[in-house]
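User: Can you walk me through this model? I'd like the fold first, then the packing.

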Amino acid sequence: MSLVTFVQLIIQGLNMGLIYALAALGISLIWNATSLFNFSQGDLLTIGGYVMLTAFSYLALPYPVAFLITVVVMGVAGYMLSKGYFYPMFKQNFNPQIILIGTVALSIFVRNGILLTWGPDAQTYANPFGSKAVEILGVNIMPHYIWNVVIVAVLVVALQMFLRGTVIGIAMRAVAQKPVAASLMGVKVEQMVSMTFLLSTGLAAISGLLVAPIIPLIPEMGGLLAIKAFAAVLIGGLGSFAGALVGGVIIGIAEVLFATLVVSTYKDVFIFAVLILFLLIRPGGIFKADISEKV
Amino acid sequence: MGKAFGFFKKNILLIIVLLLALVPVAGVPSYQFYIIERGLQNAIIVLSLVILLGYTGLLSLGHAGLLAVGAYTFGILTVTYGINPWIALMVAPVVAAALGALLGIPSFKLSGPFLVVTTIAFGEIVRILILNWEKLTGGPYGLGGIKSVIPSAKGMYYFLLVLVFLVSVATMRLSKSRIGLAFKAIKEDEVAAEVMGVNVRRYKLLAFTISSFMAGLSGALFACLTNYLNPDSFTFAESATYLLMVVLGGMANVVGAVASALGVTALPEVLRFMVRSRMVVYSLVLLLVIRYSKSLNMKTLRKVLGKPEGSTLGGGE
Amino acid sequence: MKKKSVVLLLLVTMIAMVLAGCSGGEKAGGDKQAGGDEQVLRIAHLAPLTGSAASYGVQIVQAAKMAVEEINEAGGFTGPNGETIKIEYTEIDETSNSASAIDAARKAVSLDPHAMLGPNRSGGVLAAHSVWQEAKIPTITDGTSQDTTRQGNPYTFRMQISSEYWMPILVKTAVEKYDVKKPAVIYGLNDYSKANWVATEATMPEYELEPVSVQTYNDGDQDFSAQLIAIRDSGADAIFVYGYTPECGKIIRQRTELGMGDVLVFTERASTDPAAVELAGAENFEEVVTSTTLSPGDPDPKVQAFVKKFEEKYNQTISGTHVNHYDSVYILKSIVEKVGLDREKIREELANLKDYEGALAVYGSDEEGNLVHHMATQVFRNGKWELIMKEEYDY
């Protein structure tokens, strides 16, 4: 394989990997705050894409406006989900497995709700970053490759600044790391958990709207991406910020390389096999989340 | 009144079975008839989850994979190798059980979401392997021409009904047996169970094996009913639906599981409403049931039966 | 859990089911022959209203419905004994999924139709055909896999041409009009696409062609970079793309994103769907060639008249290949006009159909029950389809 091809593949893999990484980040955020693994993350991502479709394509709002609206709508939805549905269950000490099943139920609900509301056809919208590739040294670069990296980088930096630099952010981390102490210090745990959900669904919305021009939206999209996101977050290290990013990128690149070098039809089997291996040997993932590392 | 109700409660399963036995002679149209059969076939896999999840507390979202193994084993043995359908019907669950036992091994170390993701991965791996192993399974072309163990429609129905009844009774018996108690101990508190002498690993393996055996049986019956197999029928969405059925039925409740399987599978078709939006409604009901399960439990029990909490109500069916 | 409420719910369920079952009693029983003084021709149509074929499932139904409405609005038609007959048409969702096609077929059969249309996909046809065979209902299917009419089922007919014919003309166009020397192929792992590849492979030796790269993918895959890059590296000058609409659209788009816009694309009916063009982006679709049974760019006045009528009525661009059921309905009407509402007679007439001039083509049944025997290729230029070549086949 030529170097050019190799670089091209890496870039493709990186592109998808970032999408997985954002979803993985959302899962880790909620996991840290509540020890809940959100099985509906993939479907929340999908509905984010559909909301954007409505705002940008159907209502023809300008891209930045549609972007903002999507993120806000999804963020608020996440906040309400927490306040009305999940937090009360945490508070009342529900069996964690039941709450887990709750996220599965949510996943089914969102997926079928999308099917009813937007229909089964694959839909997409024009790539706001342009649809012509630029050729650099033989490698084809679509504008959105660059944009996605930039957006994700900005997001990650902003997130870190928020979590470490603002009062709310610190309070959220306090709740994640030491909830009892936090509440003794006057932090409203309920608010912070709901803020965490808000952040998580907001992230899901962003990955959804970044994905839609690349991969047309279908109601089942959540399921396909979710499993990769799960693999990303578990291999990278559940609860770890760096883990989510690294895990996502690894999955994205590994699947493309395997598809090219070995056989493409079994690439998912390969990813799952790696996942199972990790779970059996090193369930903590690559970056076993240290308490101070927790988001 | 209390006495009659007690009799009713005890024999509710029998009563349901008798009601169902009327279906073939009540002149139910052919499609609805078929869908009720599918409901019965689903009841068996839902019962398998009652044992795995309800009793032992192990969550699997990959059971469609085990269904597939049972179905394809039956199909391949009868169509490709011309083996007697009855023998195939007995072999299929065994193969599924063997594979399912493999799935039990990760459960020693993994719990919660880690285990669930493993089961999802398992289900997907099975599906993709079936899809690509064309020589054996027909791949995307599917496997057709499968003949049922009992060719007559009415005969097959009664056979299914009897099977469901037997499996239900067996599950109830299991619940009260020593094995069942061990399962529940594991569900309650693994560490305490170990301390009390329960070989947790062995029983987890047993739970997976039994559950997979039943799933395999359900799969073979599926093949008998549809006469054609295709990997599309065994996706994650199906696994999620079985989970939905078992939770709606009360997780550890045998009668509830059967009712739930029948209801979710057959009700919209039979009553001819809500066919398009059924999954949205079901998942919404499930969301609400989960959310309010605690408050419902306490209030309803106290009000209806006037007994204090903590008594052996509805436990261990 | 809450035992009592479960028990009550259960009871209600049981009683409801039994009652509903009893009320549906008159419909039961499968071998009721529709008598001579029945006034309704019942047609059940298995169409993909959900699932990945849904984008054109709707159009298939629209085409059939257009015919039904035209006939009914004209007051129905006259049977062999002077009775007026109207058409009762019911569409049933077969979800593009082979396994559900069986359920859908059973549902259709329980409606006691005189004839059925669909299912759309070969997988569905293969899965469900024993259902209509058992019920002895003549069924005009879609699906292009050559196997569907070779199952020994005398009740299966096909309003499509088998892949054996789709591909040769496509390869012929590629060689004669575009001088393709190094073809590559990417196809999905489903019965439909695989059959297309098999048919293509069989044609290539005739033109002394050999594929320089053969790639596959799974339905539902989002990313084809690995396969496309491999094709790019193999130096192919053309890709044959086989699959269902969503994947075809994605592949065509991704190829331009990877800088392969100059590699020619030859594909078939899934890509004639307007949804494929939308998914890929019209600008990425320029110069894509597809084989089709109906080209909106066909200058034949009859075709143009139909296209215009359809687009006016439904206000959407027509897809190339899924609208022949318009003619299915008219064929059934003309048969019933002659022999009445008798399933066996309908079946026989279908099997003996000769030189029937429909709105979109001339139909006749070969010994396997295939009704369509013409093929065309078209190219997408400036946002519109243009006809390249057309062929009729002997049968």
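Analyst: With 295 residues, a compact globule would have a radius of gyration near 19 Å, and chain A agrees at 19 Å. That radius is taken over C-alpha atoms, and the globule rule is 2.2 Å times the number of residues to the power 0.38. This is a predicted model: local features need pLDDT of at least 70, side-chain atom pairs count only at pLDDT 80 or more, and totals for chains, interfaces and linings use all residues. Residues are numbered from 1 along each chain as its sequence is written, chains are lettered from A and ligands numbered from 1 in the order written, and side-chain values use heavy atoms, leaving out hydrogens and water.

User: What does the C-alpha trace of chain A span along its principal axes?

Analyst: About 60 × 50 × 35 Å.

User: How many helices and strands does chain A have?

Analyst: Eleven helices and two strands. Both are DSSP runs numbered from the N terminus: helices are H or I with at least four residues, strands E with at least two. The order along the sequence is α-α-α-α-β-β-α-α-α-α-α-α-α.

User: Switching to burial. What share of chain A is buried?

Analyst: 61% of its 295 residues. Buried means under 20% relative accessible area, exposed over 50%, and partly exposed in between, with a 1.4 Å probe and protein chains only.

User: And what about contacts in chain A?

Analyst: Take those between residues at least 6 apart in sequence: 76% join residues at least 24 apart. Contact means heavy atoms within 4.5 Å.

User: Where does A:Leu14 sit?

Analyst: A:Leu14 is in helix 1 of chain A, residues 3–34. Its relative accessible area is 31%, so A:Leu14 counts as partly exposed.

User: Which residues does A:Leu14 touch, beyond four places away in sequence?

Analyst: A:Val249 and A:Ile253.

User: Now the largest nonpolar core. Which residues touch the most other members?

Analyst: A:Phe37, A:Phe86 and B:Phe74, in a core of 210 residues. Helix 3 of chain B (residues 30–55) gives the most to this core, 17 residues. A nonpolar core is a set of buried Ala, Val, Leu, Ile, Met, Phe, Trp, Tyr and Cys residues joined through side-chain atoms within 4.5 Å.

User: What is A:Phe37 in contact with, leaving aside neighbours within four places?

Analyst: Its contacts include A:Trp31, A:Leu100 and A:Phe230 in chain A, and B:Pro113 and B:Val117 in chain B.

User: What about the second core?

Analyst: That one is separate and has 72 residues, among them C:Ile43, C:Ala64, C:Val289 and C:Val303.
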